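Have a look at the sequence and the model, then read on.

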Amino acid sequence: MERYGLILFPETREAMTAEKEGRAHGFAVRIVPTPGKLVASCGFSLRYELVDEAALTALLDEEGLAWVALYHACRQGLTVTYTKIREG
């Protein structure tokens with residue numbers, strides 16, 4: 001079983017800047033297409049390790065980057081489930 005987080009953004013620019021800032025601060029993040037089951041204003045999300053969630057969201061808030069919601073994903077075989085944790 002694999003678990004990870006997703007941050008959804010209202011605009012592509014925010015997703016790209018979040019990836020750049022996250023990597024610059026040592027977080028293991030990458031832009032991924034937003035899964036079809038989830039709704040956001042742009043089609044990109046930021047995938048991150050769950051242990052980094054508090055520090056990463058604090059960084060995004062500090063940088064003034066808008067985000068829509070946080071989800072925890074759980075992949076088991078070919079099935080992925082998403083749990084909404086909070087809204088931005």
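Start at Ile-7. Neighbours within four places in sequence are left aside here. Ile-7 is then in contact with Ser-45, Leu-46, Tyr-48, Leu-56, Thr-57, Leu-60, Trp-67, Ala-69 and Leu-70. Contact means heavy atoms within 4.5 Å.

This is a predicted model: local features need pLDDT of at least 70, side-chain atom pairs count only at pLDDT 80 or more, and totals for chains, interfaces and linings use all residues. Residues are numbered from 1 along each chain as its sequence is written, and side-chain values use heavy atoms, with hydrogens and water left out.

Ile-7 also belongs to the largest nonpolar core, which has 15 residues. Ile-7, Phe-9, Leu-46, Leu-56 and Leu-60 touch the most other members. Helix α1 (12–24), strand β3 (44–48) and helix α2 (53–62) each give two or more residues to this core. The largest share, 3 residues, comes from α2. A second, separate core has 9 residues, among them Leu-8, Val-32, Ala-69 and Tyr-71.

What counts as a nonpolar core? The term covers buried Ala, Val, Leu, Ile, Met, Phe, Trp, Tyr and Cys residues joined through side-chain atoms within 4.5 Å. Buried means under 20% relative accessible area, exposed over 50%, and partly exposed in between (1.4 Å probe, protein chains only). In soluble globular proteins, nonpolar side chains tend to be buried together.

Glu-14 sits in helix α1. Is Glu-14 buried or exposed? Glu-14 is buried, because its relative accessible area is 7%. Beyond its neighbours within four places in sequence, Glu-14 is in contact with Phe-9, Leu-65 and Ala-66.

Next, the whole chain. The protein has 2 helices and 5 strands. Their order from the N terminus is β-α-β-β-α-β-β. Helices (H or I, at least four residues) and strands (E, at least two) are DSSP runs, numbered from the N terminus.

| Property of the protein | Value |
|---|---|
| Box filled by C-alpha atoms, along the principal axes | roughly 35 × 25 × 20 Å |
| Buried share of the 88 residues | 42% |
| Share joining residues at least 24 apart, among contacts between residues at least 6 apart in sequence | 59% |

The radius of gyration is 12 Å, which agrees with the value near 12 Å for a compact globule of 88 residues. That radius is taken over C-alpha atoms, and the globule rule is 2.2 Å times the number of residues to the power 0.38.
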